[in-house]
Amino acid sequence: MNRGTLVGAALGASLLGVGWALRRQQRSDDHWERIENSTVIPIITPVIEIPTAEYVLSRMEHMPLDDVTLVLHTEGGCVTSCVMIADALRKFTRSTAVVPYMAISGGTLIALNAKTLSMGRNAALSAVDPQIFGQRARHIPEDDEDGFYPLAQEYDSAVSKFLREALQQRLGRSDPGSLDRAMAVFMGEGAPHAWPIKAAELQRLGLLVEPAGSEWARFVDSYRQAIDARADLALRVGRCRR
């Protein structure tokens, strides 16, 4: 086989690959469009940053009904972003946070501000106490050589206040003891920051948790596959252009 034939065969195989990726992308786009036109907002990202908050707040602003469902699968992220989403969530008459697998740190802060919390059978939340450059704010000493102590105190106080408001809403004000116990758990007293908090522990604290159906786990799985399909298409097209 001469060189021209080899190049032609390679190009043909490459174009076939791109065609396959484009068909896969079309299915991904159809899936994406259905999400965009529903009351379901996915927060399926390793880290919640300002662009994530912009997307979620925009979707919330244009919701046709006073009803929203957030599907959370995240390790947390920027405190400002998470608080903005959580505060917007409070304003809905009907709101649900679905956690099929995990909503850690800032993801937990968002989830606790929904009217209804649904969790998968192996799902976990965690403490929400803030971290400054990877260190828990409460562990930063007053004589910190980098001067982060005042900032750490501000963050810790602000997050604690916001969390207390959320837990008061969920627990009611009749039993201060329940509120104090829940605050201790979610501010991470006696456990590492990302230590998993399961549904059974939430229920022992007096927080209502509904079981999330397996369709929500499939939702997260398919959403992540759609993202992978887009990345795969970009990679294949990029290789073809070189």
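## Helices H3 and H5

In this predicted model, helix H3 (residues 79-90) packs against helix H5 (residues 149-171) at an angle of about 20°, and their axes sit 12 Å apart. That angle is under 35 degrees, so H3 runs roughly parallel to H5. The crossing of this pair is left-handed.

Who does the touching? On the H3 side, the contact comes from Val79, Val83, Ala86, Asp87 and Arg90, and H5 brings Tyr155, Val159, Phe162, Glu165 and Ala166. Sorted by class, the residues of the H3 contact with H5 come out as 7 nonpolar, no polar and 3 charged.

## Helices H5 and H6

H5 also packs with helix H6 (residues 176-186), here at an angle of about 135° with the axes 10 Å apart. H5 and H6 are therefore oblique to each other. H5 passes H6 in a right-handed crossing.

From H5, the contact uses Ser160, Leu163, Arg164, Leu167, Gln168 and Leu171; from H6, Ser178, Leu179, Asp180, Ala182, Met183 and Phe186. The class tally for H5 with H6 is 7 nonpolar, 3 polar and 2 charged residues.

## The nonpolar cores

The largest nonpolar core has 45 residues, and the members touching the most others are Leu70, Ile110, Leu125, Leu167 and Phe186. Two of these names, Leu167 of H5 and Phe186 of H6, also turn up in the contact of H5 with H6.

Take Leu70: leaving out residues up to four places away in sequence, Leu70 touches Ile41, Ile43, Val56, Met60, Ile85, Leu89, Thr96, Ala97, Val98 and Ile110. There is also a second, separate core of 6 residues, with Val40, Val71, Val220 and Tyr223 among them.

Terms used:
Residues are numbered from 1 along each chain as its sequence is written. This is a predicted model: local features need pLDDT of at least 70, side-chain atom pairs count only at pLDDT 80 or more; totals for chains, interfaces and linings use all residues. Side-chain values use heavy atoms; hydrogens and water are left out. Axes are lines fitted to C-alpha atoms, for helices over the stretch in contact, and angles run from 0 to 180 degrees between N-to-C directions. Helices (H or I, at least four residues) and strands (E, at least two) are DSSP runs, numbered from the N terminus. Angles under 35 degrees count as roughly parallel, over 145 as roughly antiparallel, 65 to 115 as roughly perpendicular and the rest as oblique. A crossing is left-handed if the near helix is turned anticlockwise from the far one by less than a right angle, and right-handed if clockwise. Contact means heavy atoms within 4.5 Å. Ala, Val, Leu, Ile, Met, Phe, Trp, Tyr, Cys and Pro count as nonpolar, Asp, Glu, Lys and Arg as charged, and the others, Gly among them, as polar. A nonpolar core is a set of buried Ala, Val, Leu, Ile, Met, Phe, Trp, Tyr and Cys residues joined through side-chain atoms within 4.5 Å. Buried means under 20% relative accessible area, exposed over 50%, partly exposed in between (1.4 Å probe, protein chains only).
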